Amino acid sequence: MMVRRILLGIIALLVIIVAGCGTYWLFNGDRLKEEYAAYRKTGAPVLMYHGVDAELPKGWPRSLVMPTALFEEQIRYLSEQGYKIVTVEELAHRLEKGESVDKYVALSFDDGYKNNLTVALPILQKYNAKGSFFVVNRLMGKSDYMDESDIKKLIAAGMELGSHTYSHNPLADIEEKYLVWETDTSRYWLKKKFDGYIVRTLAYPNGSYNQRVIAAAQKYGFYRALTGHIGLNTAATYKKAPMEMYRVTVADDGKGLEGFKERLEQAYLFGFLQTKGININPIRDIFVKD
């Protein structure tokens, strides 16, 4: 009974929000269109991928593997639309300096799958694109995952290496004493294995984090971190919360390129609504699991 009441309350809230937005749009539509067009030029999305392969391994959710042909279609679309496809670090540096990020997009790949090198990298190079690859230390070299030589090839190709923690445990759920292992130890071993490479970007496993986790990540040397919340990364959002960068999951939802366009647009729209005091992410988290 209690769950039913909560769901009904959420639905009622959504109806009120939709109705309110509809009314507001009716009287302010033209002005909002102009504001939205201007806002889109102020920030850049970060897209989240996992594996890229021709076939979905048995038992894997579709959100974890992007078909090769569809992935190339997405990268080609971004290129043809005039997007500059960069690493998260490159995007962050532009935001820090207040440089234009209009028509910029950053790519991120979580978990460190072998096909990131064998399948995704050649496609990125074909379109002069870059990406950031977030590896889990304890998975390196295991079946389906990149080993040290693979990751060195990514670095040599100009890609960014990031940490997805040492063990891929949801950071908000673990004891504080283990945060040093998941963050600092992860960075230490990556630096040792990859010729002094300094990892500065963290991707929270399962999007799990809180203020305690943020404090630990900053203490142990991370400059920025990626969440699972949708929005646009602007100079203002990055200055305010570099450890809570927005990104949008790219999944094979059966809609092909149109589904990709919708997810890309979500980043802009969610970010714009946030400037109006409307944060959809908490509600979305209840109903959507990418």
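Colleague: Which helix gives the largest share of the lining of the second largest pocket?
Modeller: This is a predicted model, in which local features need pLDDT of at least 70 and side-chain atom pairs count only at pLDDT 80 or more, while totals for chains, interfaces and linings use all residues. Residues are numbered from 1 along each chain as its sequence is written, and side-chain values use heavy atoms, without hydrogens or water. A pocket is an open set of points on a 1 Å grid over the protein atoms alone where a 1.4 Å probe fits, with protein on both sides within 12 Å along at least five of seven lines; lining residues have an atom within 4 Å of a point. Three lining residues, the largest share, come from helix 9 (helices are DSSP runs of H or I, at least four residues, numbered from the N terminus).

Colleague: Which residues lie nearest the centre of that pocket?
Modeller: The lining of the second largest pocket has 16 residues. Nearest the centre of the pocket are T237, K240, A241, Y246 and Q274.

Colleague: Which residues touch the most other members of the largest nonpolar core?
Modeller: A nonpolar core joins buried Ala, Val, Leu, Ile, Met, Phe, Trp, Tyr and Cys residues through side-chain atoms within 4.5 Å, buried meaning under 20% relative accessible area with a 1.4 Å probe and protein chains only. The largest such core has 61 residues, and its largest share, seven, comes from helix 9 (residues 256-275). Those touching the most other members are L47, F71, I75 and L78.

Colleague: What percentage of the residues in the protein is buried?
Modeller: The protein has 290 residues. The buried part of them comes to 48%.

Terms used. Buried < 20%, exposed > 50% of the residue type's maximum accessible area, 1.4 Å probe, protein only. Helix = DSSP H or I, 4+ residues; strand = E, 2+ residues; numbered from the N terminus.
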